[in-house]
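Have the model open while you read.

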Amino acid sequence: MTTFELPIQIGKIEYTNDWPIYQHFDPQELSQPAVIHSDLPANLNRALLEDRLYITPVSSFAYATRSDDFWLLPGLSVSAKNAVGSILLFSRKPIAELGDGTIALTNTSATSVNLLKIILQKRYGFKPEYVSMNPNLDEMMERCDAALLIGDHAIEAARTDSGYIVTDLGQAWKEWTGYGMTFAVFAVNRKFAEVHAELVSEVAERLRASKVRSLHDLTPVIADAQHKMGGDSAYWEHYFRQLWYDFGEQEQQGLGLYFQYAHELGLLDHKVHMQLWTDNTMTRVNE
């Protein structure tokens, strides 16, 4: 039987967008030794794909690259029914007029990068040149016609009146497809789940409970966000309320469409069949 090093590391996105899920989650209360590993999305993605991290929120696209190797925890995601507030394209022209120019991409999230590519090519027929850069808006716009920022970098840039047109990709996806967009899912390594089934269910249950408690009263989450990034409570109340942390049928259908388009454009080399963890029972969705 495969053994896994203790304490078990449970991933957490370093950005503010998943804070409500973790606000009341204490790994020390679990039945087995565990710790939180907080990191940028790209690093969490890499750790999951390299079998160095076994339970973690992960970029939806990174999950899709090896979807058959993972379960998805039900009822947990980082999604948006409309605007997301932290996946933003900054440009000098409206998105529908960008044409085939040059676009600077953040180097921290494959999901957002490929969402932009899908929207530009499938909706508008554009095939711009893409340049991967560090998330610095001024430097990106010196070289390019538009720039994609995500997470806290996007929030900080949007709070400064840069004079650029700002397109929220969550809103753009909703207006085009009618679906909300799921940017991150909670993935579990299959081999790990076979050995630690009870722990996986325990983690899932406690994360969902933390989510529910946080959304009932966002006061401590908002206070932490203000302490880290400034801003008033009304801004953060709106920011967290426009996010969606469930992963039900509508979220699965919207994400399935995203995967379908990614496959059609050659961004994914295979079709994705999402599989949900339910106490060691596999449920196929979107087959």
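Asp51 has a relative accessible area of 37%, and because that falls between the 20% and 50% cut-offs, it counts as partly exposed. This is a predicted model, so treat the numbers below as computed from its atoms. You'll find Asp51 in the loop between helix 2 (41-49) and strand 3 (55-59). What is the phi of Asp51? It is positive, about 60 degrees, although Asp51 is not a glycine. For context, most residues other than glycine have a negative phi.

Next up is the start of the chain. Leu6 sits in the segment before strand 1 (8-13), and Pro7 is found in that segment before strand 1 too. A cis peptide bond joins Leu6 and Pro7, with omega at about -5 degrees. Most peptide bonds are trans. Leu6 has 45% relative accessibility, so it counts as partly exposed. Setting aside residues up to four places away in sequence, Leu6 touches Gln32 and Pro33. Leu6 and Leu53 are 47 residues apart in sequence, with their C-alpha atoms 12 Å apart in space.

Is Asp18 buried or exposed? Asp18 is buried, because its relative accessibility is 0%. Asp18 lies in the loop between strand 1 and helix 1 (19-22). Its side chain reaches the backbone nitrogen of Ile13 at 2.9 Å. Not counting residues up to four places away in sequence, Asp18 touches Lys12, Ile13, Pro57, Val78 and Tyr245.

Ser77 belongs to strand 4 (residues 70-80). With 0% relative accessibility, Ser77 counts as buried. What does the side chain of Ser77 make a polar contact with? The partner is the side chain of Ser79, at 2.7 Å. Beyond its neighbours within four places in sequence, Ser77 is in contact with Ile21, Thr182, Ala184, Phe186, Trp244, Tyr245, Asp246 and Phe247. Tyr245 turns up in the contact lists of both Asp18 and Ser77.

Here are the accessibility values side by side:

| Residue | Relative accessibility | Class |
|---|---|---|
| Asp51 | 37% | partly exposed |
| Leu6 | 45% | partly exposed |
| Asp18 | 0% | buried |
| Ser77 | 0% | buried |

Does the radius of gyration agree or disagree with that of a compact globule? It agrees: a compact globule of 287 residues would have a value near 19 Å, and the chain has 19 Å. Along its principal axes, the C-alpha trace spans about 55 × 45 × 30 Å. Buried residues make up 53% of the 287 residues.

As for charge, the chain has 24 positive and 37 negative charges, and their mean positions are 4 Å apart.

Conventions: Residues are numbered from 1 along each chain as its sequence is written. This is a predicted model: local features need pLDDT of at least 70, side-chain atom pairs count only at pLDDT 80 or more; totals for chains, interfaces and linings use all residues. Side-chain values use heavy atoms; hydrogens and water are left out. The radius of gyration is taken over C-alpha atoms; the globule rule is 2.2 Å times the number of residues to the power 0.38. Buried means under 20% relative accessible area, exposed over 50%, partly exposed in between (1.4 Å probe, protein chains only). Lys and Arg count as positive and Asp and Glu as negative; His and the chain ends are not counted. The place of a charge is taken as NZ of Lys, CZ of Arg, CG of Asp or CD of Glu. Helices (H or I, at least four residues) and strands (E, at least two) are DSSP runs, numbered from the N terminus. A polar contact is a pair of N or O atoms within 3.5 Å; within protein, one must be able to donate a hydrogen and the other to accept it, and residues adjacent in sequence count only if both atoms are side-chain atoms. Contact means heavy atoms within 4.5 Å.
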